[in-house]
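Let's take a walk through this model together. Keep the sequence and the 3D view side by side as you read.

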Amino acid sequence: ITSLANAAMYVLLGLMVASSLGIDVTSIVALASVLTLALSLALQNMVSNIIGGFTILYTSPFHSGDYVEIAGQSGTVQEINMTYTKLSTPDNKIVSIPNSAVVSAQIVNYTVSGTRRVDITVRASYDSAVETVLEAIRQAAQVDTLLPEKAPFVAVKDYEDSAIAYVLQVWCKTEDYWSTTFAINQRLKEIFDEKGVQMTYPHLNVHLDK
């Protein structure tokens, strides 16, 4: 803003000096108006991004360091400048999203609340007793990163063609989301093997009548 103000002051000063020297500035002003219009049309996307940057700073839907999902891109906010918002993805890619796209997109902030719910769906064979499967899932959910004040929730989710689907919901701190998910997924297979619970896959039984 300061640079733009300085440039405008110099332009006005130049016009005043030219006018005091008897130079007709009418044509210069007309030419400057045409150039300004052409420049504004050429930079309209940049102006939209700058306005979007002010909107982000004013509304504060996220801050630097937050893990967010914007316009289908997920990552940690690295920088919010006047034209772009930069995200660092989990695989260390830098994604620059125009601020005009940010303010018009749905923004999901995973950090602001401090906690996240882990939802895991697991499928087991119809031959395995439901209570046995539920108990196995409860045991698999016992990892150190869970929040003690919120007990794990386990239930039958759906009866599918080839298996029974079960849902597990647990709560953890935002920074422990992925480690909790990976730890539970690993324990599920181990506990299922111990209890004889059979994980299944889509299959089709064909019966032929003579």
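Predicted model: local features only at pLDDT ≥ 70, side-chain atom pairs only at ≥ 80, totals over all residues.

Start where two helices touch: in α5, the residues Thr-132, Val-133, Glu-135, Ala-136, Ile-137, Gln-139 and Ala-140 meet Ile-184, Arg-187, Leu-188, Ile-191, Phe-192 and Lys-195 of α6. Contact here means heavy atoms within 4.5 Å. The residues of this contact of α5 with α6 split into eight nonpolar, two polar and three charged.

Residues are numbered from 1 along each chain as its sequence is written, and side-chain values use heavy atoms, with hydrogens and water left out.

Back to the two helices. Helix α5 covers residues 130-140 and helix α6 residues 177-195, and they pack at an angle of about 140 degrees with their axes 8 Å apart. That angle makes α5 oblique to α6. Angles under 35 degrees count as roughly parallel, over 145 as roughly antiparallel, 65 to 115 as roughly perpendicular, and the rest as oblique. The axes are lines fitted to C-alpha atoms, for helices over the stretch in contact, and the angles run from 0 to 180 degrees between N-to-C directions. As for handedness, α5 passes α6 in a right-handed crossing. A crossing is right-handed if the near helix is turned clockwise from the far one by less than a right angle, and left-handed if anticlockwise.

Now zoom out. The protein chain has six helices and eight strands; these are DSSP runs (H or I, at least four residues, for helices; E, at least two, for strands), numbered from the N terminus. Read from the N terminus on, the elements go α-α-α-β-β-β-β-α-β-β-α-β-β-α. Of the 210 residues in the protein chain, 27% are buried. Buried means under 20% relative accessible area, exposed over 50%, and partly exposed in between (1.4 Å probe, protein chains only). Among contacts in the protein chain with a separation of 6 or more, 60% are between residues 24 or more positions apart.

Next, the aromatic rings. How many aromatic pairs are there? The count comes to four. Rings of Phe, Tyr and Trp (its six-membered ring) pair if their centres lie within 6.5 Å; planes under 30 degrees apart count as stacked, over 60 as edge-to-face, and the rest as tilted. Tyr-67 and Tyr-110 make a tilted pair, 5.8 Å centre to centre with 50 degrees between the planes. Tyr-67 lies in strand β1 and Tyr-110 in the loop between β5 and β6, so this pair ties together parts that are 43 residues apart in sequence. Tyr-67 is buried, at 17% relative accessible area. Tyr-126 and Tyr-159 are stacked, because their ring centres are 6.5 Å apart and their planes at 25 degrees. Tyr-126 is partly exposed at 42%, and Tyr-159 counts as exposed at 54%. Elsewhere, Tyr-177, Trp-178 and Phe-182 form one aromatic cluster.

Is Ala-165 buried or exposed? Ala-165 counts as buried, at 1% relative accessibility. Leaving aside neighbours within four places in sequence, Ser-88 is in contact with Gly-75, Thr-76, Gln-78, Lys-93 and Ile-94.

Ser-60 has a positive phi of about 50 degrees although it is not a glycine; Ser-60 sits in the loop between α3 and β1 and is partly exposed at 33%. Ala-71 likewise has a positive phi of about 50 degrees without being a glycine. Its place is the loop between β1 and β2, and Ala-71 counts as exposed at 51%.

Note on methods. Nonpolar A, V, L, I, M, F, W, Y, C, P; charged D, E, K, R; others polar.
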